[in-house]
Amino acid sequence: SAAVLHMPRALWVSANHGAGRETFVRLAARFLRACGAISREEVVWVEGPELAAASDPAELLAARLAGAGRGALAVRDADALADAREALRAIASTLGGADGGGGGATLAVILGTPSGLARLARMEPLLEARFPTRVHLPDFSSQELVQFIEQAAMDLPSGALQFEEGLAPRLAEHINETYGGGAQGKELGERGNLGLARRLLQRAVQNRITRLFNSIQEGEGSGEGAETTSSDRLTVADFEVGAPLGEGTEQKAAIDEEVGNLIGMGKAKEWFQQVRQKVAFVEQTGTRSDLRVCLNIIITGNPGTGKTTFARILAKFFYTYGVLSKDSFVEKNGLELKAEYMGGTAPRVKAAVQEAMGGCLFLDEAYALMDSSAGVGGGGDAFSQEALRTLLTEVENHRTNLMVVLAGYKDKMGRLMRAEEGLARRFPSRLHLDDYSPSELASICEMAASTRHQRDFEPGLREKLSHHIENFYWRDIAQQNAGLAVNLTERALDRQIVRIVSKYPQAFAVPLHSRNESGAAPGAPMQLIRQKSNVSIQ
C-alpha cells in the first residue's frame, strides 16, 4: 500500500494538438482509480482561456477542485495562460498539494503544447516543483495516421468502407510529402495529428460520393460486380493522391490573368513565374515536400508602389497553386500589435498568427513594433522587445505552415533588420518594388477611370497623359506613385462633370417649387419637389 500512496498524482502532459492528450488523461484517471490512488475516474476539466480570464483564478480552481472530489482535475489548453501570471500562481498554490506527502488525493493535470508549457515553466518556476511527473506524447507517424483512417473508415455510421489494394503505403507517403514536410513527417504535429487524419477521411468520403454520382450519371458501373467493388472502397483518387497541386485549371488561369494585368511590377512577375516553375517541378517529381519551405518575405517600396496589393495577390497565388493550404489574408499594422501594458502584446501577436495559420499574415509598417522614442533601429523599450521576441518565436514555430509578409519603406526596414538580427534569418526573401514610370502611372489612371468610374479614355489620351506626368509631376512620383494616378483621375472626373454641366445647363437644371403654389391647402407643411428637365444628354 505504501507504493500506492506514492503514485504520481500531479501530471505535466505536453503534446501537440491531436496527439491524444485528453484520451491519455482519461486513461490515466481510470488506471489510478483501479490502483486505488484516487477514488473516482471522472475528469473535471478547466479551460485555459477560461482560467486566464477569471477575475479570481484561485477561487475558480478551488471550486472545480471541490467538484472533482477525489477524482481528477485537468487544466486544458494551458498555453492560454502564458501571460496570466496570477492564474499560474493559483495553479501552483491550489494544486500544489496534489502530489507528494501533502496527502492530496486528486489527480491534477496540466495539458499544453511543448513550447507552451516550456514558457509557463519559465514564467512560474514553482510549477516544476509542483508537477514533477512529466509526460510527453509524441506526434503520430504517417503510418499510424493511415491505420487510424482505415479503422475509422470501417466504423463509419453510414457504412463500413475498405481501402482498395495498395492504398495504405501510397497514402502514408502522400501524407508525409504533402503535410509532413518530407519523408520523415516531422511537421505532422503542426497539421493536427489525428485532426488531420479525420479531415482527410472526411474529404475522401465526399470525393467517393462525387465519384459514384458521376459514374451513375455517365452510365458506368452498371454491372453488379463493378458496382460492388467500387462503392464500398476508398481509392487513391478519393484521397487525391497524385492529384495536381492547388485549385483547378480555371482558378489558376484566373489568378495568372490577375498577375498579368498588374501594371509594372516586373520583379514581382518574375517572382510569380519562379513559383509556377517550382510547382510544375514538384508535380512532375512528386516531391511535394520541396514546397514545405520558409515562405516569409520582406517587401519594401515607396508609398503607393503596391506593397499591399502585391501581398494580397501573392497569398492568393500561393493558395491557388497549392503552396499555402488556406485562402486567408490577415492584415495588421505594427502599432495594432503593441499593447498598452506589459504582457498584453504577446497575446495580440499570437492571435494574429493563429488567425492567419495556413495562409498569410501581412504586417504593414513592421518597424512600428520598435519603440518610437528610441527610433527605428534603436534598442526599443520592453513593450517593443516583447513584440519582436514573440513575433520571432511564432514565425520560427510555424515557418512552413504560414507566410508572414513584412512591408514598409526600404530605409526603415533595413534599420529594423540590423537592430534585430533574428529577423534577417527568419525572413530570407526580399523584394523591392520600384517607383512607377510616367507611362505606368498613365495606365493606372486609365484603369482607375474604367474600373472605378466607368469612364473610357479618348484615343491617344494615355500617351499624352504620360508626357504630362513626366513634365509636371515627376517630383511627386516617389512620394505618391499610384496615389498620384488616382488623384489625377479623380480631378479629371470633377473637371469632366463641370464641363458637361456647363455645356448642357438646361439638362441639369433643378428648380424647386413649393407645393403651396400648386394648390395645396393653406397652412399645410411646405414640401419641396424637383422639376424634371425635358433636355437629355445623348
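Predicted model: local features only at pLDDT ≥ 70, side-chain atom pairs only at ≥ 80, totals over all residues.
## Helix H14

Helix H14 covers residues 307–320. How far apart should its ends be? At 1.5 Å a residue, its 14 residues should span 20 Å. The end C-alpha atoms are 20 Å apart, which agrees.

Several residues of H14 are buried. They are Lys307, Phe310, Ala311, Ile313, Leu314, Ala315, Phe317, Phe318 and Thr320. After the helix comes Gly322. Its phi is positive, near 85°.

## The largest nonpolar core

The largest nonpolar core holds 48 residues. Phe310, Phe318 and Met403 touch the most other members. H14 gives the most to this core, with 7 residues.

Phe318 shows what such packing looks like. Set aside its neighbours within four places in sequence. Phe318 is then in contact with Trp271, Val275, Leu295, Val323, Leu324 and Met403.

## Two positive phi angles

Most residues other than glycine have a negative phi. Met265 is not a glycine, yet its phi is positive, about 50°. Met265 is found in the loop between helix H12 (249–260) and helix H13 (266–285). Is Met265 buried or exposed? Its relative accessible area is 11%, so Met265 counts as buried; the cut-off for buried is under 20%.

Asn481 is not a glycine either, and its phi is also positive, about 50°. Asn481 is in the loop between helix H22 (477–480) and helix H23 (482–503). Asn481 has a relative accessible area of 0%, so this residue is buried.

Ile444 belongs to helix H20, residues 438–453. Ile444 is buried, because its relative accessible area is 8%.

Which residues does Ile444 contact, beyond its neighbours within four places in sequence? They are Ile263, Tyr436, Ala482 and Ala485. Take Ile263. In sequence, Ile444 and Ile263 are 181 residues apart. In space, their C-alpha atoms are 7.0 Å apart.

## His174 in helix H9

His174 lies in helix H9, which runs over residues 167–179. The relative accessibility of His174 is 8%, so His174 counts as buried.

What surrounds His174? Leave aside the neighbours within four places in sequence. His174 is in contact with Tyr179, Phe239, Glu240, Val241, Gly242 and Arg288.

Definitions and conventions. Residues numbered from 1 in each chain as written. Heavy atoms only, no water. Helix = DSSP H or I, 4+ residues; strand = E, 2+ residues; numbered from the N terminus. Buried < 20%, exposed > 50% of the residue type's maximum accessible area, 1.4 Å probe, protein only. Contact = heavy atoms within 4.5 Å. Expected span 1.5 Å × (residues − 1). Core = buried A, V, L, I, M, F, W, Y, C linked by side-chain atoms within 4.5 Å.
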